[in-house]
Amino acid sequence: MWSSRSRQVPLATAVLSLVSGCAVPMESESEPLPPPSAYDVLTNRCDGGDGAACVEVGTQYRELGELPLAAAYFRRACDLANPFGCAALARAWDRGEGVERDPTAATSLYVSACLGGHASSCISAAAGVGAPDSIEFMRRGCTAEPALCRPRPEPSLTGVDPLDQANVVLVMAARRDDLRNCYRRSLAQRLTLRGRVALEIAISGDGRVRAAAIVENIREAPEVGACVLEVIGNTAFAPTISGELAVIPWRVQFEPER
């Protein structure tokens with residue numbers, strides 16, 4: 001049945017039509033509204049208290065480079081007790097993405113995300129809280145997602161110039177006191193602590209450290225690796241033999257002093 005509203009003709013128009021003998025076109029029916037976009041659906045769900053939808057909206061804004069808006073949606077998700085939202089907001093605080101960088105706030109959020117079941121946040125929380133609490137967070141993360149803590153294979157020396165490798169070994173030997181201090185701070189909490197830290201160091205042709213990554217760390221004390229990484233970042237090496245970027249594997253073993 002047609003709607004009476006959609007077929008009504010104003011009385012004045014009808015009278016004018018009869019008097020003038022002119023045909024007056026009937027009013028057309030209203031065009032149907034376009035369906036809501038995926039963005040509209042997600043924002044409506046977020047407004048309705050769906051934390052996962054808030055995370056999705058925040059992720060889209062982050063991919064578009066709208067970092068303050070992304071952080072705002074991640075905060076809403078975290079306020080709704082969504083661990084993925086807390087983890088994303090922690091990353092924003094940790095990196096200063098859309099908010100002022102605040103590692104302390106980031107660690108607190110990583111802890112919240114970890115307790116909510118976000119496994120990789122447990123590993124980040126462990127690095128932030130330090131010993132002895134780091135042990136429990138590492139245990140949680142590794143139990144929930146064992147792949148996060150699976151031992152990595154030995155760094156391959158294939159393709160590395162032996163002279164570049166020797167340069168790194170000699171320069172880091174000169175930093176042994178700084179490296180030892182990284183270990184001593186954690187050793188004071190656990191007198192039997194021992195283990196190895198292995199890294200890959202990207203050194204530019206002029207000897208500057210362009211990047212460094214931990215490939216093996218002391219599971220019970222991840223803060224040791226973070227400290228070693230900071231030492232390496234402040235170290236100057238000799239220019240590489242090729243004059244181009246070289247990635248050099250390097251490792252150090254820590255044992256209690258006798």
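In this briefing, Ala, Val, Leu, Ile, Met, Phe, Trp, Tyr, Cys and Pro count as nonpolar, Asp, Glu, Lys and Arg as charged, and the others, Gly among them, as polar. The structure is a predicted model, in which local features need pLDDT of at least 70, side-chain atom pairs count only at pLDDT 80 or more, and totals for chains, interfaces and linings use all residues. Residues are numbered from 1 along each chain as its sequence is written, and side-chain values use heavy atoms, with hydrogens and water left out.

**Confidence**
- The protein chain has an average pLDDT (the predictor's confidence in each residue, from 0 to 100) of 82, and 82% of the residues score at least 70.
- Over residues 1–24 the pLDDT is below 50, and this stretch has 14 contacts (heavy atoms within 4.5 Å) in the model beyond near neighbours in sequence.

**Cavity**
- One cavity of 30 Å³ or more is present in the structure; a cavity is a set of points, on a 1 Å grid over the protein atoms alone, where a 1.4 Å probe fits but cannot get out.
- The volume of the largest cavity is about 30 Å³, a volume being the space filled by probe spheres set on the points.
- Asp164, Asn167, Val168, Ile203, Ala238, Thr240 and Ile248 line the largest cavity; lining residues have an atom within 4 Å of a point.
- By class, this lining has four nonpolar, two polar and one charged residues.
- Helix α9 (residues 162–173) gives the most to the lining, with three residues; helices are DSSP runs (H or I, at least four residues), numbered from the N terminus.

**Salt bridges**
- Side chains of opposite charge can pair when their charged atoms come close.
- There are 12 salt bridges in the structure, each a side-chain nitrogen of Lys or Arg within 4 Å of a carboxyl oxygen of Asp or Glu.
- Glu136 pairs with Arg140 in a salt bridge whose closest N and O atoms are 3.3 Å apart. Because they are four residues apart in helix α8 (residues 134–144), Glu136 and Arg140 are separated by about one helical turn.
- In the salt bridge of Asp50 with Arg45, the closest N and O atoms are 3.1 Å apart.
- Asp94 forms a salt bridge with Arg101, with 4.0 Å between the closest N and O atoms. Asp94 is partly exposed, whereas Arg101 is exposed, with a relative accessible area of 52%.
- A network of salt bridges links Arg91, Arg95 and Glu97.

Definitions and conventions:
On a 1 Å grid over the protein atoms alone, a cavity is a set of points where a 1.4 Å probe fits but cannot get out, and a pocket is an open set with protein on both sides within 12 Å along at least five of seven lines; lining residues have an atom within 4 Å of a point. Helices (H or I, at least four residues) and strands (E, at least two) are DSSP runs, numbered from the N terminus. Buried means under 20% relative accessible area, exposed over 50%, partly exposed in between (1.4 Å probe, protein chains only).
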